[in-house]
Amino acid sequence: MRIFDDNGLMVFPCEAMREIREQKNVVLITSCYCPRGHDLVNDKSQFCENNGILLRVRQNQLREGLVALSPIYGDKSRISLGIHLEKGVTMTMLCPECGIPLPVYDECSCGGDVIALFTKPVPDYGNCVGICNRVGCYNAQLRSGNELLNYSTLTEHLT
Ligand SMILES: [Zn+2]
Ligand SMILES: [Zn+2]
C-alpha cells in the first residue's frame, strides 16, 4: 500500500467511502481544536481527499506515535504511525502541535475515557467531538449546542 504521495502527505484508501457517500447526510469534521486552539484537522493526513484528524498518542506512559482519524463522523478508518496500537489498551491523546493532553469529557461505556476535540477554537464542551481513548472502541459522540448525536442514532437524527 502506498501511504505517502509525492508531497509527503499520508493518503489512505477508504473502503467505507462508497457506503458513506450513498448515505444522504454525512457529517464531515472540517476542524477540531486542542484546548489551546491548534487545529487538529490538517492536510498532513488525507482520507479520500478530505483532511484527516491527526493526534499524538501515548500508550503505557512510554511509547508515543501518531494516529490519524477519518474526519467523516462515523467512519471508523484510522491509522497509526510509529506505534503499534494494542487492542483494548487505553491511550493518552495529545495535541501533536503543543503536546497538551486532550481533556476527558465523559466516561465511555467500555470503561475508557471519552476525549473531547473542540469544534471551535475556544474550549467548549457544548461543541465538541468525543472519541473513546480505548483502542478498538469506536464510540464517538458529536455535541453541537444542545444536541448530542451518537453515532448509532446519527442516521435517524439526520434523515
Ligand atoms: Zn495544541
Ligand atoms: Zn470506549
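Strands here are DSSP runs (E, at least two residues) numbered from the N terminus, and two of them pair if DSSP finds at least two bridges between them. The model is predicted, so to speak: local features need pLDDT of at least 70, side-chain atom pairs count only at pLDDT 80 or more, and totals for chains, interfaces and linings use all residues. Residues are numbered from 1 along each chain as its sequence is written, while chains are lettered from A and ligands numbered from 1 in the order in which they are written.

**View 1. The hairpin of S2 and S3.** Strand S2 (residues 41–47) runs antiparallel to strand S3 (residues 50–59), with four bridges joining them. Look for Phe 47: its bridge partner in S3 is Asn 50. Two residues sit between the strands, and Cys 48 takes a positive phi near 50 degrees.

**View 2. The largest nonpolar core.** A nonpolar core here is a set of buried Ala, Val, Leu, Ile, Met, Phe, Trp, Tyr and Cys residues joined through C-beta atoms within 7 Å; buried means 20 or more other C-beta atoms within 10 Å, with C-beta atoms placed from the backbone. This one has 29 residues, and Cys 32, Leu 40, Ile 53, Leu 55, Leu 117 and Val 129 have the most contacts inside it. S8 gives the most, five residues.

**View 3. Lys 120 in its loop.** Lys 120 is found between strand S8 (113–118) and strand S9 (127–132). It's partly exposed, with 14 other C-beta atoms within 10 Å; that class lies between exposed (12 or fewer) and buried. The C-alpha atoms of Lys 120 and Cys 34 are 9.4 Å apart, though 86 residues separate them along the chain.
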